[in-house]
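This briefing covers a sheet of strands and one of the helices. Look at the structure first, then read the points below.

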Amino acid sequence: MNFHILTLFPEMIMQGLSTSITGRAMDKGTITVEATNIRDFSEDKHGHVDDYPYGGGAGMVMQAGPVYRAYEHVINEISVKKNNDTSLNRIRVIYMTPQGRVFNQRIAGELAKEDDLIFLCGHYEGIDERVLDMIVTDNISIGDYVLTGGELPAMVVIDAVSRLVPGVLNNDVSAEFETFHDNLLEYPQYTRPEEFMGVKVPEVLLSGHHKNIEAWRLEKSIERTKERRPDLWEYSKHNV
Ligand code: ADE
């Protein structure tokens with residue numbers, strides 16, 4: 001799976017995703033991450049990419065031109081890689097914005113089906129609406145708070161999508177049975193030692209009785225979801 005990011009801070013994206021599991025997936029080639037600097041597509045001799053908002057108001061607005069040219073550049077690159085495939089205009093362009101659909105595990109699963117995804121990260125007071133209308137297919141928010149730019153949100157989405165790509169996690173089953181599967185939170189986990197500061201690991205986990213362990217874990221998941229996330233519990237198939 002290939003992630004393409006249009007940003008003013010490519011090094012932030014590359015550094016953020018080069019460590020840990022996403023970094024290993026990049027090394028293996030299971031995913032590719034390519035950050036394109038929007039500033040490289042400025043036609044201004046000082047490399048400006050923003051200007052004052054028409055109608056006045058605080059802050060600066062990112063101009064349509066550099067964003068559009070950066071997008072065209074990425075589309076051309078993908079097109080060359082795919083032997084000029086004409087289905088390219090269906091590649092999803094995700095604008096990271098607090099005005100978007102709030103991201104969740106279901107959306108991560110939906111995005112993980114794509115071969116290529118383009119992320120557009122804004123800064124300042126936003127991006128000229130005309131270029132957004134022309135290229136954006138999805139508006140996604142990572143929550144109801146405002147960040148200084150779209151880079152951290154894009155990294156959040158890329159991380160969540162990557163770990164659903166086959167081969168990124170060591171064990172493919174683990175993505176399936178964890179938190180948010182069936183709208184349940186994950187059960188508690190324990191590892192050695194058997195006793196820590198006088199607190200013992202629940203007996204059932206030491207029993208080797210798989211049916212009982214499974215039942216205990218489901219019970220704990222349900223308990224936890226009811227208590228911590230009643231909003232999720234409402235939609236769980238276990239809530240009957
Ligand atoms: N850009 C700024 N804040 C954001 C948020 N909460 N989600 C996505 N993109 C953003």
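In this predicted model, 5 strands make up an open sheet, with parallel pairing. The order across the sheet is S2-S1-S6-S5-S7. Strand S2 (32-37) and strand S7 (138-141) are at the edges with a single partner strand each, so one side of each has no neighbour in the sheet. From one strand to the next, the twist averages 35 degrees.

**Strands S5 and S7**

- Strand S5 covers residues 92-102 and runs parallel to S7.
- The two strands, S5 and S7, are joined by 5 bridges.
- Arg101 has Ile140 in S7 opposite to it.

**Helix H2: the buried side**

- Helix H2 spans residues 20-28, and its buried residues are Thr22, Gly23 and Ala25.
- Which helices do the buried residues of H2 pack against? They pack against helix H1 (10-17) and helix H6 (151-162).

**Helix H2: the other face and the end**

- Ser20 and Asp27 are exposed residues of H2, and they sit on the face turned away from its buried side.

How values were computed: Residues are numbered from 1 along each chain as its sequence is written. This is a predicted model: local features need pLDDT of at least 70, side-chain atom pairs count only at pLDDT 80 or more; totals for chains, interfaces and linings use all residues. Side-chain values use heavy atoms; hydrogens and water are left out. Two strands pair if DSSP finds at least two bridges between them. Helices (H or I, at least four residues) and strands (E, at least two) are DSSP runs, numbered from the N terminus. Axes are lines fitted to C-alpha atoms, for helices over the stretch in contact, and angles run from 0 to 180 degrees between N-to-C directions. Buried means under 20% relative accessible area, exposed over 50%, partly exposed in between (1.4 Å probe, protein chains only). Contact means heavy atoms within 4.5 Å.
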